[in-house]
Amino acid sequence: MKARRNKKQIPSFRKLLKTSKVKLENKLKNKQFKQQSTLKKYRKEQRKLRQAVKDAVSKKPIPLEDPREKRPGKRIEREEEEEEEALPLDMMDEDDLQLMRDLGQRASFLTRDLSSSEPVHAKKRKHERVIEKYEKIPRTLQTAPEKELIHLLPIKDKSGIIPQTREKPVTDSNQDEEDEEEMELEEEIIEDPIRELTLEEHLIERRKKLQEKKMHIAALASAILSDPESNIKKLKELRSMLMEQDPDVAVTIRKLVIVSLMELFKDITPSYKIRPLTEAEKSTKIRKETQKLREFEEGLVSQYKFYLEDLEQMIKDWKQRKLKKSNVVSLKAYKGLAEVAVKSLCELLVVLPHFNFHNNIIVLIVPLMNDVSKSISEMCCEAVKKLFKQDKLGQASLGVIKVISGFVKGRNYEVRPEMLKTFLCLRIKEVEVKKDTEDINKPKKFMTFKEKRKTLSRMQRKWKKAEEKLERELLEAEASESTEKKLKLHTETLNIVFVTYFRILKKAQRSPLLPTVLEGLAKFAHLINVEFFDDLLVVLHTLIESGDLSYQESLHCVQTAFHILSGQGATNEGVEIVLQCLDVMLTKRRKQVSQQRALAFIKRLCTLALHVLPNSSIGILATNRILMHTFPKTDLLLDNESQGSGVFLPELDEPEYCNAQNTALWELHALRRHYHPVVQRFAAHLIAGAPSEGSEALKPELSRRSATELFETYSMAAMTFNPPVQASSSKRKDEVLQGDAFLNEDLNQLIKRHCSEVSTHMPLDFSRYLTTSLQR
C-alpha cells in the first residue's frame with residue numbers, strides 16, 4: 001500500500017498577506033467587542049447593586065430602642081452571641097436570664113419593619129381612616145450609615161486567640177441614587193450630539209493632536225535607534241499607529257509612520273540576509289548575547305514582513321477603490337497614502353537588495369511601472385534604473401529582469417516603453433571592463449613547501465607560514481564575489497533581455513516598444529551570440545524595407561547592424577591565427593592556388609592592413625611579400641593599367657570572379673606614410689616590387705623572419721613602442737631677442753642719433769631750475 005503523500009503546501013506570500021489581513025481585522029473587532037461588553041457588564045452590575053441596596057433598605061428592621069442602628073436579625077443574634085461570650089453567665093441571675101429569654105420569644109415589636117406603610121396589626125384596624133393610619137405610622141429618623149465588619153485572620157498570644165475585624169463603610173442609598181442620576185446623565189450626554197466647533201477651533205484642535213502624535217512617533221523612533229536590540233518591540237507599537245482611527249489626523253499620521261518606519265529599517269537592518277533557525281539550532285544552549293541577537297533578528301524580520309504587508313494593503317485599497325467600514329480615511333486620501341507607500345517600497349528596493357523579502361518587493365514594484373498614474377509609474381521606473389546602475393554583482397538585476405520579462409509577455413507586449421528603457425541602465429559593460437583589470441591583477445600565489453625549504457631557514461619558514469595564514473584570512477574576510485559568478489549572472493540576464501527583444505521583433509513589430517527594442521539592441525548587440533546574426537540582420541533588413549519605421553527607428557536598425565559587425569569582427573589577437581592559416585592555404589599549397597585567387601587575397605590583405613595595429617600590419621605585409629615571390633605575375637597590381645575586361649568587385653564573396661587584376665594596390669601609398677617606421681619600410685619595399693637586392697631591399701632581420709615571428713616581435717602588448725621613439729631634440733636658443741632687436745634697423749639708427757644729440761647739445765641740469773623756483 002502506498003504511503004499517503006502530504007498534500008499540505010507552504011502558503012504563498014499573497015496567502016500570508018490575506019491571512020494576516022483577516023487576523024488584523026478579527027483582532028480589531030474582538031478588541032472593540034470586548035470594550036463594549038465590559039461597559040455593558042459594568043452598567044448592569046451597577047443597576048443590580050443599586051436595586052439590591054434599595055431592597056435591603058426597604059426590608060431592614062430597625063429596633064425602637066435605637067432607631068439609628070440598622071442591623072439584620074442574623075447580625076443581632078451574632079452580636080448577642082458575642083456579648084454572651086464577652087460577659088460571663090455567672091454574673092447574671094437565673095431569673096434575669098429567664099426573663100430575657102421570654103422577652104426574646106414574644107418581642108415581635110422589636111423586629112418589625114418600621115419603614116413599611118402600615119403597622120403590624122393592620123388587620124385589626126381595617127375600619128380606621130386613612131389619615132389616622134398615616135398619623136399613627138412611626139416616623140423614621142435619619143440614620144447614620146452602617147459599618148460592616150470584615151473578619152480578618154485571628155491573632156494568638158499568651159491569653160488565647162484574639163479575633164480581628166475591620167470596619168467597611170456601607171454605601172449610602174442617597175449616594176447610590178446620586179450615582180445613578182450621574183450615570184443617567186452621562187448616558188444622556190453621550191447620546192446628545194457633540195457641539196460643533198468653529199473652523200478656527202477645529203484647526204487649533206487638529207494642530208494640537210498632530211503635535212502630540214508627532215512627539216510620540218519621534219520618541220519611539222529615537223528609542224529604537226538608540227538601542228535597536230533592546231527596543232525592537234517598540235517597532236510593533238509604532239507600526240500599530242498605521243491604524244490611526246482619529247479622522248482629523250488619520251491620513252497625516254499614517255504617512256508619517258510609513259516614512260518613519262522606512263527610515264528606521266534602512267538604519268537598523270544588518271548587511272546580511274537573516275535566515276530562519278533550524279530545530280537543532282533552537283534546541284542548542286547559547287550565550288545570553290547570542291540569544292539577544294537572535295530575538296532581535298526574529299523580531300526585525302517579523303515586523304519588516306508585517307510592514308510590507310501593510311504597504312501592499314494600502315496600494316490594494318487604492319486600486320480597488322474600496323471604502324473601509326470605519327470611514328476614517330476617505331477615498332480621496334487613498335491615492336496620497338498609496339503614493340507614500342510606493343515611494344517607501346522603491347526606497348527599500350534600492351537600499352536593501354541584500355535583505356529578506358526583496359523578491360516580494362520586486363513583485364510589487366514591477367506592475368506599478370506600467371500603472372495608469374504617471375507619477376507612480378515614473379517613480380517605480382526610476383527606482384529600477386537606480387538599482388541597475390548600482391548593482392555590481394548582478395543578483396538583484398537578474399531578479400528584476402525576470403519579473404519584467406514575464407510581465408511584458410503576460411500583457412501581450414502592451415506595456416509602457418519606459419519599462420524596457422530601464423534595460424539600458426544595466427551595468428554589464430562596466431563589469432566586463434572591471435573583469436579585465438582583475439585578470440591583469442592575478443591573485444597572489446603562496447610559496448610551496450619545497451620552495452620554502454630551499455630558500456628559508458626553519459625560523460623563517462615558521463614566520464612565513466603564520467604570515468600566509470593571516471593573508472588567507474584577510475582575503476576571506478573581504479568576501480569579494482568571484483568573477484565566474486558575475487559572468488554567469490550577467491550571461492543569464494542578457495539572455496532574458498535578448499529573448500524579450502526578439503519576441504517583440506517577431507510578434508509586435510508595430511508596437512510602440514519597437515524604438516526602445518532597437519535602441520537596446522544597438523547597445524548590447526556586440527554581446528549577441530554569433531548564431532543569431534543571420535536571423536537578426538534579416539529581421540532588421542525587413543523592417544527597414546517595410547517603410548513602417550520612422551527615420552530615427554531606421555537609423556537604430558542601421559546602428560544595430562554595425563554594432564553587431566564591429567563587436568564580433570576579428571580582433572588583433574586573432575590576426576596571428578589568420579597569418580598561420582594564410583601560410584597553409586596559399587604558400588604551402590601554391591600549386592593548387594590560381595593566379596586570380598592570389599591576386600584577390602593580396603588586394604584584400606592590403607586593405608585589411610589599413611585597419612589593424614602596427615604589428616598586425618607588419619605581419620600582413622610580410623605575407624604579401626611572400627605571395628608576390630611565390631606568384632611572380634601578381635606584380636601587375638603595381639600598375640594602373642587594367643588587365644582584361646571587367647571591373648573589380650570587392651564585395652563579391654568568390655575571389656575567383658572579383659576581377660582583382662583590374663585594380664591596384666593604392667593602399668601601399670597610404671601605408672608608406674604610416675607612423676610606424678617598420679610599416680613604412682615594408683610598404684616602400686612592396687611598391688618597388690619586393691626586390692631581394694638593391695636600395696629597396698629589406699634588411700636581414702626583416703627578410704629572414706616569418707610573418708608570425710614579425711607579428712610577435714613588434715607586439716604592443718607590453719605598452720611599448722618597437723623600435724623606441726626617438727626623443728625630440730629641443731633647439732636651444734643661445735641669443736634671446738630683447739628690446740631693440742624687435743624694431744626695424746632704420747628706426748633703431750634714428751633713435752640712437754637723436755639720443756646722442758640730446759646728450760651732447762642739451763644737457764639736463766635740473767638744479768638750475770630748482771634754484772630759480774626757490775628765489776621766486
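## A tour of the aromatic cluster and the cores

Start by selecting Phe265: this residue is buried, since its relative accessible area of 1% falls under the 20% cut-off. Keep in mind that you are looking at a predicted model.

Now show both rings. A pair of aromatic rings is described by the distance of the centres and the angle of the planes. For Phe265 and Tyr304 the centres are 5.1 Å apart and the planes stand at 65°, so this pair is edge-to-face. Colour helix H8 (residues 250–268), which carries Phe265, and helix H10 (residues 288–320), which carries Tyr304; the pair therefore ties together parts that are 39 residues apart in sequence.

Stay on Tyr304 and bring in Phe357. Here the ring centres are 6.3 Å apart with planes at 40°, so the pair is tilted. Phe357 sits in the loop between H11 and helix H12 (358–368), while Tyr304 is in helix H10, so this pair links parts 53 residues apart in sequence.

Now widen the selection to Phe265, Tyr304, Tyr307, Phe355 and Phe357, which form one aromatic cluster. In total, the structure holds 6 aromatic pairs.

Leaving out residues up to four places away in sequence, Tyr307 touches Arg239, Ile258, Leu261, Met262, Phe265, Ser344 and Leu348.

Zoom out to the largest nonpolar core, which has 100 residues; Leu235, Leu300 and Tyr307 have the most contacts inside it. Helix H11 (residues 331–351) supplies the largest share of this core, 12 residues.

For a last stop, select Val593, Ile602, Ala660 and Val679: they are among the 39 residues of a second, separate core.

Conventions. Residues are numbered from 1 along each chain as its sequence is written. This is a predicted model: local features need pLDDT of at least 70, side-chain atom pairs count only at pLDDT 80 or more; totals for chains, interfaces and linings use all residues. Side-chain values use heavy atoms; hydrogens and water are left out. A nonpolar core is a set of buried Ala, Val, Leu, Ile, Met, Phe, Trp, Tyr and Cys residues joined through side-chain atoms within 4.5 Å. Buried means under 20% relative accessible area, exposed over 50%, partly exposed in between (1.4 Å probe, protein chains only). Helices (H or I, at least four residues) and strands (E, at least two) are DSSP runs, numbered from the N terminus. Contact means heavy atoms within 4.5 Å. Rings of Phe, Tyr and Trp (its six-membered ring) pair if their centres lie within 6.5 Å; planes under 30 degrees apart count as stacked, over 60 as edge-to-face and the rest as tilted.
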